[in-house]
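Please open the structure in a viewer and keep a selection tool at hand.

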Amino acid sequence: MWTWIHKLGSPPHAFRILERLAPWLGWAALIVILEGAYWGLVRAPADYQQGEGFRILYVHAPAAWMSLFVYVLMALAAAVGLIWRIKLAHAAAAACAPVGASFTFLALATGSIWGKPMWGTWWVWDARLTSELILLFLYLGYMALRSSFDDRDRADRASAVLAIVGVINVPIIHYSVEWWTTLHQPASVTRLAKPAIALPMLVPLFIMLAGYQLYFGWLLCRRLQGEILRRERSAGWLKEIG
Amino acid sequence: MSEPAGLIGAMRLVVRRELTLAWRRWDEVTQPLIFYLVVTTLFPLATTPELAVLRTVGGGVVWVAALLSSLLALESVFRSDVEDGTMEQWVLSGQPLAWLLLAKVVAHWVMTGLPLVLVSPAVAAALGLPGSVWPVIVTSLALGTATLSVLGGIGAALTVGVRRGSVLLSLLVLPLAMPLLVFGARSVEQSLAGQSAAGPLQLLAAMFFLAWSLGPLAMSAAMRISVEG
């Protein structure tokens with residue numbers, strides 16, 4: 001068991017595993033997302049209040065969910081890297097950040113586009129939108145800190161501390177913002193706080209979520225390979241691969 | 001050679017050293033305070049001089065200005081110590097670094113946070129906030145700036161060796177400090193509306209204890225990375 005983990009932590013070994021894993025994840029992501037898009041955008045019934053407009057949910061909700069998931073994953077990877085001094089875990093955290101920031105941005109953009117027909121404005125200071133915005137700032141701060149060091153080892157460890165502090169703060173930020181908006185604007189958003197969502201609408205959502213997960217897995221594989229190449233560019237084993 | 005100081009003794013020495021240094025470099029203490037006053041002056045100029053209108057946003061203005069001013073002061077909290085090698089001695093001293101940094105942050109708060117808390121009733125009065133909300137403003141700012149000192153201390157320890165660290169520090173710490181702003185401004189608002197501000201104040205106190213118990217550990221981890229790297 002331990003030797004297996006140690007082997008996994010060695011860059012050449014990990015690189016080969018990722019190389020083998022990536023195409024599977026990539027093709028699976030493509031198929032599942034197409035499937036989810038078909039069921040969500042074509043087959044799911046239109047919402048009785050929001051009409052066809054609600055279908056952006058199938059892009060928006062998985063992105064919002066992934067934005068948090070990636071942040072937690074990034075903080076976990078950073079903690080593993082910091083505690084056990086595993087370089088590969090730091091590389092994984094570094095690979096996560098831009099992807100997570102992109103998911104956050106996608107969730108914000110689609111939420112804003114969704115808000116235009118539903119609320120009549122591009123932006124409202126709604127709890128979910130606002131905490132998503134703060135999450136984007138957290139990602140940007142993490143990336144800014146990482147890029148401001150010349151020494152990669154220091155960048156890894158410093159940004160790992162920030163990611164861990166950030167992940168403790170994420171629930172606090174979430175609940176503070178939620179509390180803040182419920183006190184300020186009681187009725188305007190309840191239209192979107194739907195009652196239990198109907199099953200034919202829910203199933204495509206889960207398919208899309210699985211598709212996003214697979215897509216993220218593929219992206220992570222490729223980005224991690226890129227990180228490994230950048231970090232190991234002078235290593236001998238790279239010549240063997242060609 | 002005197003006996004090596006115990007933990008409490010070492011912390012006391014750190015606090016005394018910081019206060020002595022602050023006494024000798026007085027401008028570093030007054031500048032954040034002046035900045036605070038200047039920023040709060042900007043808001044009436046930018047919006048309206050009418051006190052009735054200012055009163056509605058007064059709590060928020062006081063809080064935003066306090067947040068920015070504290071961050072400005074925190075930017076240099078560890079810089080001179082790292083540059084002249086004092087921090088390396090602390091790391092090597094065998095005393096727990098987290099406690100030494102905590103003492104440093106306490107001293108820093110006494111010099112920059114406390115004056116800001118003390119002048120805030122004057123600022124509040126200038127913004128048309130009635131005397132009945134002053135106790136809430138003072139309490140919430142005291143808890144908030146103390147919490148921010150630890151959050152900013154973590155950020156300052158991370159960015160101490162970095163070029164253009166001050167912008168970066170704000171970028172790192174402000175998102176983390178947003179809950180403080182929410183609860184702080186909210187407590188003033190509730191008190192202004194004649195309600196009890198106990199709820200937000202208790203939440204601020206909870207964040208204060210969380211930051212002061214776990215924060216020094218993060219601060220010392222960050223400082224080791226900055227000094228040893």
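Of the contacts in chain B with a separation of 6 or more, what percentage is accounted for by residues 24 or more positions apart? The share is 81%, where a contact means that two C-beta atoms, placed from the backbone, lie within 7 Å. The model is a predicted one, in which local features need pLDDT of at least 70 and side-chain atom pairs count only at pLDDT 80 or more, while totals for chains, interfaces and linings use all residues. Residues are numbered from 1 along each chain as its sequence is written, and chains are lettered from A and ligands numbered from 1 in the order in which they are written.

**Chain B as a whole**

Select chain B, which holds nine helices and zero strands; these elements are DSSP runs numbered from the N terminus, with helices being H or I of at least four residues and strands E of at least two. The C-alpha trace of chain B spans about 65 × 30 × 30 Å along its principal axes. Of its 229 residues, 49% count as buried. Here, buried denotes 20 or more other C-beta atoms within 10 Å of a residue's own, exposed 12 or fewer, and partly exposed anything in between, with C-beta atoms placed from the backbone.

**Helix H2 of chain B**

Next, select residues 26-46 of chain B, which form helix H2. Its buried residues are B:Pro32, B:Tyr36 and B:Thr40. They lie on the same side of H2(B), because they cover an arc of only 70 degrees around the axis, the arc being that of the directions from the helix axis to the C-beta atoms. The buried residues of H2(B) pack against helix H3 (51-74) and helix H6 (97-126) of chain B. Turn to the face directed away from the buried side to find exposed residues, including B:Trp26, B:Ile34 and B:Leu45.

**Where the chains meet**

Now display both chains: the contact takes 19 residues from chain B and 24 residues from chain A. On the chain B side, helix H7 (134-159), helix H8 (165-192) and helix H9 (198-228) each supply at least two residues. H8(B) gives the most to this side, with ten residues.

**The nonpolar core**

Finally, select A:Met74, A:Ala93, A:Cys96, A:Val161 and B:Ala222, the residues with the most contacts inside the largest nonpolar core, which has 136 residues. Such a core is a set of buried Ala, Val, Leu, Ile, Met, Phe, Trp, Tyr and Cys residues joined through C-beta atoms within 7 Å. Leaving aside residues up to four places away in sequence, A:Met74 touches A:Ala93, A:Cys96, A:Ala97, A:Gly100 and A:Ala163.

Methods: The expected span of a helix is 1.5 Å times one less than its number of residues.
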